[in-house]
Amino acid sequence: MVAVLAEAGGDPGFDVGTHEFAPGIGTADERAWILTEDADALAAVARGWIARGDHQGRGTRRARHLSAMWRDREDETVSLLTAALPHEHALWDLGTLLDTISQDLLGASRPDPALGDNLLPHVHTDTLAARQAQTILGQLGDPRLLTDVPEPAPEALAALAVRTRNPEHQRLALRHPDGTHLDGLYTALSAAEARIHLPDLTQLLHHHPTRTLVHRFADWTIRDTELLDLLEALPRTTGDDDLATAAAVTAAHLTGDPKTALHRLTPRLADSGRQLEEAGRLGSPAAPLLPLVERYLDSRDDWTRLHAAEAHWRITGDPSAALPVLTALVNPSLPVGLRALQALHRIGPPCPPDLQPHLLHWATSERRLLREYGTCFPAQRHRDDELRETARRMLG
C-alpha cells in the first residue's frame, strides 16, 4: 500500500486535497493521515511524492507530519524538505516549509549538504520567506549569507553569530540598524564575549532594551559605570513596567543594593502576582517580600502559583513550600506544567516518587508526546524536546 501511495502521488491528477471518495469518508489527504502511525511509511511516501514533483505540496506536508509526530527524525525531515525546495510552492507553503527546516535544524546532527545551495534562489526577494531562507543560511554558518546577500536580515546575522561564535559576526549582528531579533544571540553570548562587545551591548540597552538583555547583564556580572547608569535610569524613562522592574533587579544584583528594587516590587506584589518572577530573581535580598509572595502560593491561577513557588524557593533556599505546589502543577501537555517540571529539576533531588514512572515514559517515547498537526505551532515541538531532555536529566 505504501508503494502504491508513493507512486500514485506523483501523478498531478491525483488530487489529494479535494476529491472525496464518498460522502462522509473524507478526502484522500485526510485518509492518508493513517501514515502518521508509521514513521518509516510516512517518510517513504513523502520521499516518493517529493521526488515526483511535490504537487500541491503534498510531499512536504507528509514530511512536516514526520517531524511533528515522531522524535529523532530531524535529519530525515531536513533532507526531505531540502529536496522539496527546488519545486514550485505557493508563498505560504514555502514559508511553512522553511519554518520546519529552521526548527528541525535545532535538533539535526547532519544537515543535508545540498541545503545551502537549494536555499540561495529564495534569499533575495523582499518577502518573509526570503528572511527565513537567510536565517537558515545563518543557522548553517554558511558564509554566503554575507557574500551573496546584499543586506542580510538582522535575525539571519544573529543566527550566523550564534552558530559560528565569530567575534566579527557577533559584531555585525549587534550593530545592525534594526537592533531587534537579538534575544537568541544575547542568550548565547558568554560573559567573556559580552565583555568584548560591551560598547555595542550598552548601545542596544540604550536604544533597544529588552528584558532578555537586561537579565543577561545580571548573568554576565558586568559592573560598568555607564551600564549601571542606564539600568538605574530605565525605571524612570521606560513606559514598560516589566522592563523597568527587571532593570531595577539587575541593578541590585550588580551594585549589591536592593533598595530600589524592593521599593518597586513591594507595591506591585501587593497589587498582583505579575512581578513574582522578578522577586525570585532578586533572591535572598527579597526576604522582606516573603509575606507578599506567600499570599500567592494558593492562588487560583496556575501561573501565579508557579511563579510564587519558584520565588519562595529562590528567596529562602528552602524548597519545602515550593515542592507540593510544583508537583501538583506538573502536566506536560500544558506550558505551565512543563515549566513546573523544569523548576523541580532546578531544585534538584530527591524527585517526587510519583513522578518516576512518568519521567521514564517522557524520556523514552519514540513518538512525540506533545504533538502538533502540521507546523503552525512549532512551540509544541520545542516543548516536547524540552520535556524529554528534562525527564532524562531528572532520571540521571
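Start with the crossing of α14 and α15: this one is left-handed. Keep in mind as you go that this is a predicted model. Select residues 211-220 to see α15, which packs against α14 at an angle of about 145°, the axes being 10 Å apart. Now show the side chains where the two helices touch. From α14 you get Leu198, Leu201, Thr202, Leu204 and Leu205, and facing them from α15 are Leu213, Val214, Phe217 and Trp220. Count by type and this contact gives eight nonpolar residues, one polar and no charged.

Next stop, α11: select residues 167-174 and pick out His169, Gln170, Ala173 and Leu174, which are buried. Why do they sit on the same side of α11? Because they cover an arc of only 135° around the axis. An α-helix has 3.6 residues a turn, so residues three or four places apart point the same way.

Colour the surroundings and you'll find what those buried α11 residues pack against: α9 (144-147), α10 (154-164), α12 (183-188), α13 (191-196) and α14 (198-207).

Finally, jump to Thr304 in α21 (residues 302-316). Is Thr304 buried or exposed? Its relative accessible area is 16%, so Thr304 counts as buried. Show the side chain of Asp301 too, and you'll see a polar contact of 2.8 Å to that of Thr304. Beyond its neighbours within four places in sequence, Thr304 touches Gly273, Leu276, Tyr296 and Ser299.

Notes. Residues numbered from 1 in each chain as written. Predicted model: local features only at pLDDT ≥ 70, side-chain atom pairs only at ≥ 80, totals over all residues. Heavy atoms only, no water. Buried < 20%, exposed > 50% of the residue type's maximum accessible area, 1.4 Å probe, protein only. Helix = DSSP H or I, 4+ residues; strand = E, 2+ residues; numbered from the N terminus. Arc of directions from axis to C-beta. Contact = heavy atoms within 4.5 Å. Axes fitted to C-alpha atoms, helices over the stretch in contact; angles between N-to-C directions. Left-handed = near helix turned anticlockwise from the far one by under 90°. Nonpolar A, V, L, I, M, F, W, Y, C, P; charged D, E, K, R; others polar. Polar contact = N/O pair within 3.5 Å; in protein donor to acceptor, adjacent residues only side chain to side chain.
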